[in-house]
Amino acid sequence: MEHVLSMTAPPRAESRIDEGEAALIRASLGGDSGAFSELVRIHQHRVFRLVGRFFRRREDVEDLAQETFLTAWRKLHTYGARAPFEHWLTRVCLNCCYARLRRPGPGEDPLPEEGAGDGATPNPDVALDLEASLRALRPEDRFLLLLMYGEGWTTAEIAERTGWSRVNVKVRAHRARRKLQGLLEVEP
Amino acid sequence: MNDRQARRKDRMEAARRYFRQHHANVAPDTGFAGRVAARLTPEPAEILGWAALRLLPAMLALIFVLAWFAFHPSAATATESISPGTPVTEDPIAWVMEGGEGDEGGQDGEVGR
């Protein structure tokens, strides 16, 4: 089982890298923190949106987003420029979120207040039930299901963006779906 | 499809909808990039800390060597004689001249009598 997502961006024959962004990356590699700050401004909304898929509290989202960019700053030399920087940064972000989800200890997002409903389902009791089912899943399964159903990514897209093999993703997805079905079938 | 299968299908569909909308809906504020930039350059205390950590092995080796010399004095500075009759002198020639007359007493520097 791959516990660490591969950091190297997948090679692609046709890749278009924005020249302005390439200049910012070169300057960042030279130690220019101002250039890297500009990269942060360009990609911060995307990172927040992705992290917000896995964590509900604002402080957790901000913490993981900062960790994503700081990791990207430290490991920028591993970016091969064979694919868009956005893809590489997405992988860094997923790596950070996955590691945090698997970390044992407190920090679970609190369950939504009863009756508060987040608009996902008209019945807030069903929302609470689903949230409890989601919480009962293993972090690895929760991670994958949120990418599949939350982000709407296909197996191929998940494999590409995480660095896992397609077979690995398919097997994990199948297991995660079966587990969710099992949890949902338990009559309250 | 019986009732149980229909219920299961509905619940899975509800779960999928829930996942699609499971989101914190948090956007970065205007100061986020600045906060990240502030953490890019380490503080002086942090730099000094890392430098001290790198010097730690060499410092430990130096302390070990100094302690070894402190607790293991060399044979040339020993004041204890090997045998009571052995004359003690820093002059090796005089020591050779005097060393064969170990039964005689009253010689300068002789200890143990």
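Helices H3 and H4 (residues 85-102) of chain A cross at roughly 125°, and their axes come within 9 Å. That makes H3(A) oblique to H4(A), where oblique is what remains once angles under 35 degrees (roughly parallel), over 145 (roughly antiparallel) and 65 to 115 (roughly perpendicular) are set aside. This is a predicted model, in which local features need pLDDT of at least 70 and side-chain atom pairs count only at pLDDT 80 or more, while totals for chains, interfaces and linings use all residues. Residues are numbered from 1 along each chain as its sequence is written, chains are lettered from A and ligands numbered from 1 in the order in which they are written, and side-chain values use heavy atoms, with hydrogens and water left out.

**How H3 meets H4 in chain A**

- The crossing of H3(A) past H4(A) is right-handed; that word applies if the near helix is turned clockwise from the far one by less than a right angle, and left-handed if anticlockwise.
- On the H3(A) side, the contact (heavy atoms within 4.5 Å) is made by residues including A:Asp63, A:Leu64 and A:Phe69, and on the H4(A) side A:Trp88, A:Cys93 and A:Arg100 are among them.
- Sorted by class, this contact has nine nonpolar, two polar and three charged residues. Here Ala, Val, Leu, Ile, Met, Phe, Trp, Tyr, Cys and Pro count as nonpolar, Asp, Glu, Lys and Arg as charged, and the others, Gly among them, as polar.
- The axes are lines fitted to C-alpha atoms, for helices over the stretch in contact, and angles run from 0 to 180 degrees between N-to-C directions.

**How H2 meets H3 in chain A**

- Helix H2 (residues 33-51) and helix H3 (residues 58-74) of chain A pack at about 135°, with axes 10 Å apart.
- That angle makes H2(A) oblique to H3(A), and their crossing is right-handed.
- H2(A) brings residues such as A:Phe36, A:Val40 and A:Phe48 to the contact, while H3(A) brings A:Val61, A:Ala65 and A:Trp73, among others.
- By class, the contact of H2(A) with H3(A) has eleven nonpolar, four polar and one charged residues.

**Two residues to look at**

- A:Phe48 sits in helix H2 of chain A and counts as buried, at 0% relative accessibility. Buried means under 20% relative accessible area, exposed over 50% and partly exposed in between (1.4 Å probe, protein chains only).
- Not counting residues up to four places away in sequence, A:Phe48 touches A:Val61, A:Glu62 and A:Ala65, as well as B:His23, B:Val26, B:Ala27, B:Pro28 and B:Phe32.
- A:Gln66, found in helix H3 of chain A, is buried with a relative accessible area of 8%.
- Leaving aside neighbours within four places in sequence, A:Gln66 is in contact with B:Phe32, B:Arg35, B:Val36 and B:Arg39.
- A:Phe48 and A:Gln66 are 18 residues apart in sequence and 9.5 Å apart in space, C-alpha to C-alpha.

**The two chains**

- Chain A has eight helices and zero strands; helices (H or I, at least four residues) and strands (E, at least two) are DSSP runs, numbered from the N terminus.
- Of the 188 residues of chain A, 45% count as buried.
- Among contacts in chain A with a separation of 6 or more, 69% join residues 24 or more positions apart.
- Chain B comes to four helices and zero strands, and 16% of its 113 residues count as buried.
- The accessible surface is about 9300 Å² for chain A, 51% of it belonging to carbon and sulfur atoms, and about 8900 Å² for chain B, with 62% belonging to those atoms. These areas come from the Shrake-Rupley method with a 1.4 Å probe; for residues, only the protein chains shown count as cover.
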